[in-house]
Amino acid sequence: MLGGYSVLRCPRCSLRFAPEAFQVQVDYDRVYRTAEYESEQVHALETTDARSLSAHPTYRAFFRQVSHRPQASLLDVGCGVGRFALAAHARGWAVTGIDVSPLAVAVGTRYASFPLRVASIEELGEEHQRFDVVTAFEVLEHLSSPLQFLRSAMRVVQ
């Protein structure tokens, strides 16, 4: 049990998940208003150089392993306030960030010189938008159908 939910483990890949939790609606704007989120995410935008954000442990491997031509396009799904997006933009990527939270996008827009918007990856696919790379840090674990999400991601990759 974790948070009142039974946690199951896939016998093939050892992924742990709580299927009942997939049906729970999450108010991401409420999460983005917490003091913890403010101190860990927003404060970093206010006090850290955008390029140095790429040293964050979550993003470091991406920047070490993924090379790109100048202005290659990158879609950051679940961008929140845009920490990774800012780091990628500072390293020469043409970035677009999307998130489900109007609050996070509003905060991130104050710091971004590139598009951040409230949208889903499916919407971008319907708009026929295409990108060289799609990132989704800390997103898959929140989805009830990660495979469907990955299929949608493939539709927007050039």
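Started with Glu127: at 37% relative accessibility I log Glu127 as partly exposed (buried is under 20% relative accessible area, exposed over 50%, partly exposed in between, with a 1.4 Å probe and protein chains only).

Housekeeping: this is a predicted model, where local features need pLDDT of at least 70, side-chain atom pairs count only at pLDDT 80 or more, and totals for chains, interfaces and linings use all residues. Residues are numbered from 1 along each chain as its sequence is written, and side-chain values use heavy atoms, with hydrogens and water left out.

Next I looked up salt bridges (a side-chain nitrogen of Lys or Arg within 4 Å of a carboxyl oxygen of Asp or Glu). I found two in the structure.

One of them joins the side chains of Arg117 and Glu127, at 2.9 Å from N to O. Arg117 sits in strand β5 (residues 116–118) and Glu127 in the loop between α6 and β6, so this pair ties together parts 10 residues apart in sequence. Helices (H or I, at least four residues) and strands (E, at least two) are DSSP runs here, numbered from the N terminus. I have Arg117 down as partly exposed, at 26% relative accessible area.

Then I checked Arg69, which forms a salt bridge with Asp132, the closest N and O atoms being 2.9 Å apart. This pair links distant parts of the chain, 63 residues apart: Arg69 is in the loop between α3 and β3 (73–77), Asp132 in the loop between α6 (121–126) and β6 (133–135). Arg69 is partly exposed at 49%, and Asp132 is partly exposed at 26%.

Last entry: I looked up Ser52, in the loop between α2 (35–47) and α3 (57–65). Ser52 is partly exposed, with a relative accessible area of 37%. From Ser52 to Ala106 I get 22 Å, C-alpha to C-alpha, at 54 residues apart in sequence.
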